[in-house]
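I'll go through a few parts of it piece by piece.

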Amino acid sequence: MAGNKDIWFVVVNPHAGSGKTMPEWQKAEKKLRSRGLRYRPVMTTRQGHAVELVKNAAAKGYRRFIAVGGDGTAHEVLNGIMLFNSANPEIPLEAFTLAVIPIGSGNDWIKAHDVPHDTEDVVELLAAGRVARQDVVKVSLCAQDDPDQSLRTVYMLNVGGIGFDARVCEIVNAQKAAGKTGKLLYIKALMRVLSNFYSFPAMVVADGEKIFEGDCYSIAFGIGQYSGGGLRQVPSACTDDGLLDLLVIPKVKMGYLATQIPKLFNGRLEDVPELIFRKVKRVEVAPLSDMFEPMEVDGEVIGRFPVSLEVVDGMINVLDGTAEA
């Protein structure tokens, strides 16, 4: 088993990237061989399969993982690592490395690490050992009648949210399941959600302090800045500061909010005084009515809130184009 720690365990999602996966993976394989990198490829066959594959691989001594696909594939690979790590806390999270060969439709997470879209360039980063440390967030969906009872736990690599962006993700994922592709899926879903915009009542507690109670349109959380094909809900998020960036969009006049939409794309959302931003270690969100809004993590809808999020101890190594070799 010890001999596996220097071999890249490669998880290939053949359904990512509108059919581009296999040609790009063949190109990557050729480059991996030419650079003398040892690897073992496996193919996923269904949603959630990567989690199982990676957890089992980690138990066999693998410590280096490559997700060939989009943000969803990277999310599953991370969760496989974290499930193994949480059951084996004697092995530090820093022992693991996560890389991505991006072939998805969103590819938002890699923007935070300056990872190129070109497959051969990504392999060059792997060969050069260009990695940096990144935080990971534990996300726990809680029982509606008992906030201390966790119903489901997943781990977040990039951005999550309740309300606005979760509804966008629901629509995008349904469109993908129907066979539709392309980056315009996010824009079309965004327009659809905005045309039927509504608020929901919630309470937000950050590091033990109640920072919001009332009607809001959206609550977002991030350690990366980009989501939804380029939205920047948490433009000051930093992947390695040990903190989770939080955004609450309270209920304000829709006409005014519509004028601020460009700031969602250009990184100036923090200029809007009505919005609430915080950097925290832990946050809890509870509904104040029977409107149990969807919760998304890394573009995957995981259920309905109440929910708690906290930055885990330790950091994982990730491929990073700005890191020194």
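Helix H6 covers residues 184-195, and the two helices pack at an angle of about 130°, their axes 9 Å apart. Those axes are lines fitted to C-alpha atoms, for helices over the stretch in contact, and the angles run from 0 to 180 degrees between N-to-C directions. When I say helix or strand, I mean a DSSP run, numbered from the N terminus: H or I with at least four residues for helices, E with at least two for strands.

The crossing of H5 and H6 is right-handed. A crossing is right-handed if the near helix is turned clockwise from the far one by less than a right angle, and left-handed if anticlockwise. Which residues meet there? From H5 they include Phe164, Val168 and Ile171, and from H6 they include Leu185, Tyr186 and Leu190. Contact here means heavy atoms within 4.5 Å.

Quick word on where this comes from: it's a predicted model, with local features needing pLDDT of at least 70 and side-chain atom pairs counting only at pLDDT 80 or more, while totals for chains, interfaces and linings use all residues. Residues are numbered from 1 along each chain as its sequence is written, and side-chain values use heavy atoms, with hydrogens and water left out.

Searching the whole structure turns up 14 salt bridges. One of them joins the side chains of Glu293 and Arg167, at 2.9 Å from N to O. Arg167 sits in helix H5 (residues 164-177) and Glu293 in the loop between strand S13 (282-287) and S14, so this pair ties together parts 126 residues apart in sequence. Are these two buried or exposed? Glu293 counts as buried at 5% relative accessibility, and Arg167 is buried too, at 7%. The cut-offs are under 20% relative accessible area for buried, over 50% for exposed, and partly exposed in between, using a 1.4 Å probe and protein chains only.

Glu170 is partly exposed at 33% relative accessibility, and Arg304 is partly exposed at 43%.

Arg304 takes us over to the strands. Pro294 stands opposite Arg304 in S15. S14 and strand S15 (residues 300-304) run antiparallel, joined by four bridges; two strands pair if DSSP finds at least two bridges between them. The hairpin they make has two residues between the strands, and Asp298 in it takes a positive phi near 55°. On its pairing with strand S8 (residues 159-163), S14 is again antiparallel, over three bridges, and Gly161 stands opposite Glu296.

In a regular strand the side chains alternate between the two faces of the sheet. Now look at strand S14 (residues 294-297): Pro294 and Glu296 on one side, and Met295 and Val297 on the other, are all buried.

What does Tyr155 touch? Leaving aside neighbours within four places in sequence, its contacts include His75, Leu78, Val297 and Asp298. Tyr155 lies in strand S7 (residues 146-156) and is buried at 7% relative accessibility. The C-alpha atoms of Tyr155 and Val297 are separated by 8.0 Å, though the two are 142 residues apart along the chain.

Last stop, the open sheet. Six strands form it in the order S2-S1-S3-S4-S17-S5, with mixed pairing. Strands S2 (39-43) and S5 (131-134) stand at the edges with a single partner strand each, so one side of each is left without a neighbour in the sheet. From one strand to the next, the twist averages 25°. Strand S1 (residues 8-12) and S2 run parallel, joined by five bridges, and Phe9 stands opposite Arg40 in S2. Helix H3 (residues 71-87) lies across S1, S3, S4 and strand S17 (316-319), at about 155° to S3.

Note on methods:
A salt bridge is a side-chain nitrogen of Lys or Arg within 4 Å of a carboxyl oxygen of Asp or Glu.
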